[in-house]
Amino acid sequence: MIATPVGAQVQAIPAQPTNEREALRGVSVILFNEGDTPVPAQGPRQIEVTADDGTRLVLERLPTAEFTLRPGGFAKVRYVPVAYAARPAAPAKPGKRSAPSTVGRAYMGDPPPPPTAAAEAETLASRGSSSRFLERFSPHEPTYSAFGLRDAGAKLQVSLAFQPVGGESAISHLRFAYTQTMFWRLDLPSGPIAHTTYSPELFADVPIDPTATLGLGWRHDSNGEGPATSIDSNRIFGRFTKTFDLGGSWRAEVTPQAWFYVGRQGGAPDLDRYWGNASLGLTLIKPDSLKLNLIARGNPETGRGAAELFVSYPFAAIDRDIGFYLFGQAFTGHGEALDDYRRRDTHARIGIALTR
């Protein structure tokens with residue numbers, strides 16, 4: 001599990017996950033500076049690790065803030081699986097010796113060989129078999145169900161991003177995302193779904209360095225209704241996220257975003273007066289622990305806008321078999337629901353989230 005290439009100063013020591021499913025949560029890797037001079041704490045871009053069940057995985061480093069390892073110092077970073085290096089091998093026949101293992105190899109100099117493409121995964125269920133390329137999907141906005149008192153009702157959201165083309169080419173930065181947000185009026189006798197917003201998105205995420213990513217794209221928001229009551233918004237946006245290491249495994253993220261509207265807005269020609277043309281996101285997070293995310297948007301000319309706060313904590317920190325987050329959500333301002341964008345509300349809700 002421990003390997004240092006010739007001439008490398010940083011030793012990468014990965015933890016050994018139980019299986020691929022556990023590795024998807026992130027694998028901790030300790031970086032240790034064995035040299036006599038300070039070095040950047042980047043670590044190898046990719047490493048291989050063998051899970052307890054024999055699956056060899058190619059792990060890739062998650063973006064982290066830039067910092068330096070002093071001589072004899074160490075730091076913990078996180079990696080996630082990007083491909084299989086090998087499936088579990090069949091048991092060796094008696095009397096034959098296995099080939100030498102390359103597990104734990106850390107790439108600090110030459111780039112690693114291209115990882116083997118992951119095989120299509122199949123699942124057999126009561127409805128029959130299904131197949132998927134799960135490694136192409138990733139979380140986008142939080143997926144959650146949160147519940148409040150009185151007219152706050154419940155707010156339900158599902159959001160995923162999909163990478164249609166893999167590899168290292170320019171087109172591999174392209175992403176398609178879909179978000180659907182529903183407002184469930186539990187305070188009314190019939191409990192109707194009062195508002196639904198459908199939001200497909202096409203964009204490119206371009207890494208600038210390990211701590212910064214630039215995004216450019218188009219987003220459509222719609223209430224899904226007919227011509228008489230339709231509200232449709234089309235925006236071209238640019239956004240940028242920069243991370244900062246705060247020490248003690250804590251980091252901060254700053255995400256400014258700006259956009260302009262294109263085409264007609266359906267029944268909402270003044271939507272920009274309430275939604276504005278820019279937003280700022282501020283995040284404070286400790287992996288496997290607390291995350292706080294505040295997003296504020298607005299229009300300085302009209303003085304209208306909104307702010308939304310998300311607070312989450314993983315149940316896995318208490319019991320690793322529970323794959324949910326305890327989730328809190330609060331909103332104040334205009335436009336929480338697209339088809340009621342002129343309404344000013346203040347709501348607080350609590351529930352669970354699948355992603356955060």
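This is a predicted model: local features need pLDDT of at least 70, side-chain atom pairs count only at pLDDT 80 or more; totals for chains, interfaces and linings use all residues.
Residues are numbered from 1 along each chain as its sequence is written, and side-chain values use heavy atoms, with hydrogens and water left out.

**Chain**

The chain has 2 helices and 22 strands, taken from DSSP runs (helices H or I, at least four residues; strands E, at least two) and numbered from the N terminus. Of its 356 residues, 37% count as buried; buried means under 20% relative accessible area, exposed over 50%, and partly exposed in between (1.4 Å probe, protein chains only). The accessible surface is about 19,600 Å², with 58% belonging to carbon and sulfur atoms (Shrake-Rupley method, 1.4 Å probe; for residues, only the protein chains shown count as cover).

**Strand pairing**

Strands pair if DSSP finds at least two bridges between them. Strand β21 (residues 325-334) runs antiparallel to β20 (residues 304-314), joined by 9 bridges. Tyr 313 stands opposite Leu 326 in β21. On β22 (residues 344-355), 10 bridges join the strand to β21, again antiparallel, and Phe 331 stands opposite His 347.

**Aromatic pairs**

The structure holds 5 aromatic pairs. Rings of Phe, Tyr and Trp (its six-membered ring) pair if their centres lie within 6.5 Å; planes under 30 degrees apart count as stacked, over 60 as edge-to-face and the rest as tilted. Two of the pairs are tabulated.

| Pair | Centre distance | Plane angle | Class |
|---|---|---|---|
| Phe 137 and Phe 162 | 4.8 Å | 50° | tilted |
| Tyr 144 and Phe 327 | 4.6 Å | 25° | stacked |

Phe 137 lies in β10 (residues 137-139) and Phe 162 in β12 (residues 154-162), so this pair ties together parts 25 residues apart in sequence. Phe 137 is partly exposed at 41% relative accessibility, as is Phe 162 at 28%.

Tyr 144 in β11 (residues 143-147) and Phe 327 in β21 are 183 residues apart, and both are buried. Together with Phe 310 they form one aromatic cluster.

**Nonpolar patch**

A nonpolar surface patch of about 810 Å² includes Val 165, Trp 218 and Phe 260. Its largest share, 3 residues, comes from β13. Phe 260 lies in β17 (residues 250-261) and is partly exposed, with a relative accessible area of 47%. Patches are made of residues with over 30% relative accessible area and no salt bridge; like charges are joined within 9 Å and nonpolar side chains (Val, Leu, Ile, Met, Phe, Trp, Tyr) within 5 Å. A salt bridge is a side-chain nitrogen of Lys or Arg within 4 Å of a carboxyl oxygen of Asp or Glu.
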